[in-house]
Amino acid sequence: MSSVEKSADVADQQDVKQSWRTSVDSKGAFVRKESQFRHWITADGSSGFQAEANRYHLYVSLACPWAHRTLILRALKGLEDNISVTVVDWLLGPNGWAFTDKKPKCSLDTVNNCNFLREVYAKSDPSYSGNITVPCLWDKLTNKVVNNESSEIIRMLNSEFQAFCKTPEQLELNLYPEHLKEKIDGLNAWIYPEINNGVYKCGFAKSQEAYDEAVAGLFIALDKVEDLLSHTRYLTGPDLTEADIRLFTTLIRFDTVYHTHFKTNKKRIVDYPNLWGFVRDIYQLPGVADTVDQEHIMKHYFASHLTINPTGIVPVGPELDLMSPHHREKM
């Protein structure tokens with residue numbers, strides 16, 4: 001994650017210094033940095049970025065839960081033919097996210113012809129010195145990064161590209177409806193810090209105190225969601241919303257990565273009847289399974305985070321039967 005307008009060696013060193021992997025506070029607790037590109041795409045173009053056919057491009061990692069959110073929204077809204085995608089290498093090395101066509105589902109950068117994602121950020125803003133993160137939403141018309149904040153990108157995909165949805169059902173799907181906005185925002189307000197980011201606070205803690213605090217909060221929140229989902233199919237009721245997608249991308253990685261790699265091993269998701277059913281329910285929605293790639297997920301975390309897993313050895317399991325009946329539709 002780099003500064004630009006410097007030599008390659010200096011930029012690489014800056015990548016490491018600015019990495020989210022090393023962001024901790026005085027007591028050793030992991031602190032996530034804020035995204036800095038926060039422009040908005042609108043259907044009418046009033047924001048300066050108009051929703052248009054084949055204008056925008058997503059840079060993503062199949063391993064990253066934040067990028068995964070955007071791929072799920074893209075699939076659920078039927079925008080695959082309108083918004084193109086480049087998948088980075090699963091290995092996050094000293095140069096940051098790289099492009100390759102030598103690994104399954106990875107691809108070269110055919111939009112900007114860059115070797116590393118940091119070069120894409122530099123092309124947009126040569127003075128940028130923040131984190132180089134995925135997802136990254138690129139405007140092919142202006143050659144600018146529009147937004148690299150996943151929570152905002154998914155809302156754009158949900159509401160501003162209605163003219164390009166493939167089917168009437170996808171057009172009608174609204175994952176952030178007006179009557180549920182307050183409830184969704186309320187759920188996101190505690191699920192994000194305690195679960196989505198909570199697993200990272202466990203895994204990247206640099207002190208026992210920070211880990212103990214993070215892991216306690218994580219499992220209190222998981223127990224709370226388990227109880228909530230014992231009464232209703234989805235977090236807000238019978239209808240799928242963005243809150244469910246945001247939770248799912250963490251839960252689908254929990255047993256394969258976070259449980260072991262991030263030391264969140266008090267319980268697995270398969271040990272929670274309602275959470276495990278919820279994961280299978282979302283996974284089996286049309287288009288969602290195609291966005292999940294456990295090879296990318298496991299190889300990224302176990303091979304990239306060498307301070308946590310110095311050998312870089314990737315474990316063989318566990319095996320998850322994600323296509324087994326979930327019966328959540330009967331809730």
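1. Two strands are taken to pair if DSSP finds at least two bridges between them. Strands (E, at least two residues) and helices (H or I, at least four) are DSSP runs, numbered from the N terminus. On this basis, strand β1 (residues 56-60) is joined to β2 by 4 bridges, and the two run parallel.

2. The model is a predicted one: local features need pLDDT of at least 70, side-chain atom pairs count only at pLDDT 80 or more, and totals for chains, interfaces and linings use all residues. Residues are numbered from 1 along each chain as its sequence is written, and side-chain values use heavy atoms, with hydrogens and water left out.

3. The sheet is open and consists of 4 strands in the order β2-β1-β3-β4, with mixed pairing. Its edge strands, each of which pairs on one side only, are β2 (84-87) and β4 (144-147). From one strand to the next the twist averages 35 degrees; axes are lines fitted to C-alpha atoms, for helices over the stretch in contact, and angles run from 0 to 180 degrees between N-to-C directions. Helix α4 (residues 150-159) packs on the sheet and touches β1, β3 (136-139) and β4, and its direction makes about 85 degrees with that of β4. Contact here means heavy atoms within 4.5 Å.

4. Strand β1 is largely enclosed by the rest of the structure, because 5 of its 5 residues are buried (buried: under 20% relative accessible area; exposed: over 50%; partly exposed: in between; 1.4 Å probe, protein chains only). In a regular strand the side chains alternate between the two faces of the sheet. In β1, Tyr56, Leu58 and Val60 point one way, while His57 and Tyr59 point the other way, and all are buried.

5. Helix α3 (residues 117-124) is mostly covered, with 6 of its 8 residues buried. The buried residues are Leu117, Arg118, Val120, Tyr121, Ala122 and Ser124.

6. Thr250 is found in helix α9 (residues 242-261) and counts as buried because its relative accessibility is 1%. Apart from neighbours within four places in sequence, Thr250 is in contact with Ile195, Asn196, Val199 and Tyr258. Lys267 is found in the loop between α9 and α10 (273-283) and, at 29% relative accessibility, counts as partly exposed. With the same exclusion of neighbours within four places in sequence, Lys267 is in contact with Phe219, Asp223, Phe254, His259 and Tyr272. The C-alpha atoms of Lys267 and Pro193 are separated by 19 Å, the two residues being 74 residues apart along the chain.

7. The second largest pocket holds about 320 Å³ of space. A pocket is an open set of points on a 1 Å grid over the protein atoms alone, where a 1.4 Å probe fits, with protein on both sides within 12 Å along at least five of seven lines; lining residues have an atom within 4 Å of a point. Grid points are joined across faces, edges and corners, and the volume is the space filled by probe spheres set on the points. The lining comprises 15 residues, of which Leu76, Glu169, Leu173, Leu240 and Leu285 lie nearest the centre of the pocket. Helices α2 (65-76) and α5 (168-172) each supply at least two residues of this lining.
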